[in-house]
Amino acid sequence: MMIDDKKMSKPLVQNILMENRERMSISGVLDVESFDEESVVVETEMGTLVIKGEDLHINKLSIDSSELNIEGYITGLYYSDRDGGRSKGTGFWAKMFK
């Protein structure tokens, strides 16, 4: 029995690390759809992730390593399926470089 390498895909992995509700590191980030001081909407490999809080700031966004670091007072986070799936090319960075 042979396994076709082309059919094998890399499993989706996402890590979220939060420190004292003040710092958050997220891996598996594909795009930042929107952000302000009260919310950050991120497209990830696992779906759209919404981070809510106060005085939120993006400290680091690395496209190469798919990592995002956020600081501020984090009050909640959840995955949203409001658009029924990913919408390619409509995130913050896509709009910025049009």
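A contact means heavy atoms within 4.5 Å. The model is predicted: local features need pLDDT of at least 70, side-chain atom pairs count only at pLDDT 80 or more, and totals for chains, interfaces and linings use all residues. Residues are numbered from 1 along each chain as its sequence is written, and side-chain values use heavy atoms, with hydrogens and water left out.

**View 1. Contacts of Ile26.** Ile26 touches Gln14, Asn15, Ile16, Leu49, Ile51, Ser66, Glu67, Leu68 and Ile70. Residues up to four places away in sequence are not counted here. Ile26 is also one of the residues of the largest nonpolar core.

**View 2. The whole fold.** The protein has one helix and six strands. Helices (H or I, at least four residues) and strands (E, at least two) are DSSP runs, numbered from the N terminus. Along the sequence the pattern reads β-β-β-β-β-β-α. Of contacts between residues at least 6 apart in sequence, 49% join residues at least 24 apart. The accessible surface comes to about 7100 Å², and carbon and sulfur atoms hold 52% of that area. Accessible areas come from the Shrake-Rupley method with a 1.4 Å probe; for residues, only the protein chains shown count as cover.

View 3. Buried residues make up 31% of the 98 residues. Buried means under 20% relative accessible area, exposed over 50%, and partly exposed in between (1.4 Å probe, protein chains only). A nonpolar core is a set of buried Ala, Val, Leu, Ile, Met, Phe, Trp, Tyr and Cys residues joined through side-chain atoms within 4.5 Å. The largest one has twelve residues: Met24, Ile26, Val29, Val32, Val40, Val42, Leu49, Ile51, Leu56, Leu68, Ile70 and Ile74. Strands S2 (23–27), S3 (29–35), S4, S5 and S6 each give two or more residues to this core. In soluble globular proteins, nonpolar side chains tend to be buried together.

**View 4. Pairing of S4 with S5.** Strand S4 (residues 39–44) and strand S5 (residues 47–62) run antiparallel over six bridges. Two strands pair if DSSP finds at least two bridges between them. A hairpin of two residues joins S4 to S5. Val42 stands opposite Leu49 in S5. Val42 and Leu49 both belong to the largest nonpolar core.

**View 5. Pairing of S5 with S6.** S5 and S6 pair in the antiparallel sense over twelve bridges. Leu61 has Leu68 in S6 as its bridge partner. The hairpin has four residues between the strands, and Ser66 takes a positive phi near 55° in this hairpin.

View 6. Arg21 lies in the loop between S1 and S2. Its phi is near 55°, a positive value in a residue other than glycine. Arg21 counts as partly exposed because its relative accessibility is 38%. Asp55 lies in strand S5. Phi of Asp55 is near 50°, again positive in a residue other than glycine. Asp55 counts as partly exposed because its relative accessibility is 49%.

**View 7. A nonpolar surface patch.** Leu12, Ile16, Met18, Met46, Leu77 and Tyr79 form the patch, with about 530 Å² of accessible area together. Strands S1 (16–19) and S6 (67–80) each give two or more residues to the patch. Patches are made of residues with over 30% relative accessible area and no salt bridge; like charges are joined within 9 Å, nonpolar side chains (Val, Leu, Ile, Met, Phe, Trp, Tyr) within 5 Å. A salt bridge is a side-chain nitrogen of Lys or Arg within 4 Å of a carboxyl oxygen of Asp or Glu. Tyr79 is found in strand S6. At 41% relative accessibility, Tyr79 counts as partly exposed.
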